Amino acid sequence: MAGVTTIGDRAERVPKQDRSRATRQRLLEAAVSCLAEHGWAGSTVTVVAERAGVSRGAAQHHFPTREDLFTAAVEYVAEERSTALRALFPQGAAEDRRAVISALVDLYTGPLFRAALHLWVAASNEEQLRPQVTELEAHVGRETHRIAVDLLGADESRPGVRETVQGLLDMARGLGLANLLTDDAARRDRVVTQWAVLLNEALA
């Protein structure tokens, strides 16, 4: 009958929705991998679609423009990393601030940071990309700051605490940049240890 949705129709629609979500997720993950490995110039929609195992048309169905695809990809993986970071400390504020600092620094030393860096550099030169990346960076920055405050047990109503937490995140980004060219793990470990000492004093 016209206008009536049968059980069979619903059963068919659910797997289709699942497939659509799975395709979108593959595209997002492939986009970040391509961006981290090949940079902006080498990461086209076609290259990402091939890596994800879908057609270019399917990719453009989910993300009409290249800019949409790559900003969504970095945001998606950033949210996944934020969720994973919180999962490391399910009880909230951790007594071991060094472990929190180390986990925060790790956010800036993996493929996501490398991909985001390529996106930032491209946005500095491409007008059509800049507004999306600026908005994305602000959103990711706010979320990372909020997580850091929660996990460090920082009271931002106290003078200087907000700036101290932001200084930690700026330091972590700097360590991530240093790690792009050489394995800086040994120095990074010493810096993390010193920052734990400083934060324990500043947040006491």
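**Entry 1: S82**

I began with S82, which is found in helix α4; helices here are DSSP runs of H or I with at least four residues, strands are runs of E with at least two, and both are numbered from the N terminus. The model is predicted, so I note that local features need pLDDT of at least 70 and side-chain atom pairs pLDDT 80 or more, while totals for chains, interfaces and linings use all residues. Residues are numbered from 1 along each chain as its sequence is written, and side-chain values use heavy atoms, with hydrogens and water left out.

Not counting residues up to four places away in sequence, S82 touches E143 and I147 (contact means heavy atoms within 4.5 Å).

**Entry 2: T164**

I then turned to T164, placed in helix α8. T164 counts as partly exposed because its relative accessibility is 23%. Leaving aside neighbours within four places in sequence, I found T164 in contact with W195, L199 and A202. I also noted that 19 Å separates the C-alpha atoms of T164 and G176, which lie 12 residues apart along the chain.

**Entry 3: Helix α5**

At the start of α5, I found a side-chain oxygen of D96 within 3.2 Å of the backbone nitrogen of R98. The buried residues of α5 are R97, V100, I101, A103, L104 and V105. I asked what covers them; the cover includes α4 (66-88), α7, α8 (161-178) and α9 (185-202).

**Entry 4: α5 against α7**

I examined how α5 (residues 97-106) packs with α7 (residues 130-152): the angle is about 165 degrees and the axes are 10 Å apart. This makes α5 roughly antiparallel to α7, a term for angles over 145 degrees. In this contact, R97, V100, I101 and L104 of α5 meet A148, L151 and L152 of α7. I sorted the contact residues into six nonpolar, no polar and one charged.

**Entry 5: The whole protein**

Finally, I recorded the overall picture. The protein has nine helices and zero strands. Its C-alpha atoms fill a box of roughly 70 × 40 × 30 Å, taken along the principal axes. Of its 204 residues, 38% count as buried. Among contacts with a separation of 6 or more, 69% come from residues 24 or more positions apart.

Note on methods: Axes are lines fitted to C-alpha atoms, for helices over the stretch in contact, and angles run from 0 to 180 degrees between N-to-C directions. Angles under 35 degrees count as roughly parallel, over 145 as roughly antiparallel, 65 to 115 as roughly perpendicular and the rest as oblique. Ala, Val, Leu, Ile, Met, Phe, Trp, Tyr, Cys and Pro count as nonpolar, Asp, Glu, Lys and Arg as charged, and the others, Gly among them, as polar. Buried means under 20% relative accessible area, exposed over 50%, partly exposed in between (1.4 Å probe, protein chains only). A polar contact is a pair of N or O atoms within 3.5 Å; within protein, one must be able to donate a hydrogen and the other to accept it, and residues adjacent in sequence count only if both atoms are side-chain atoms.
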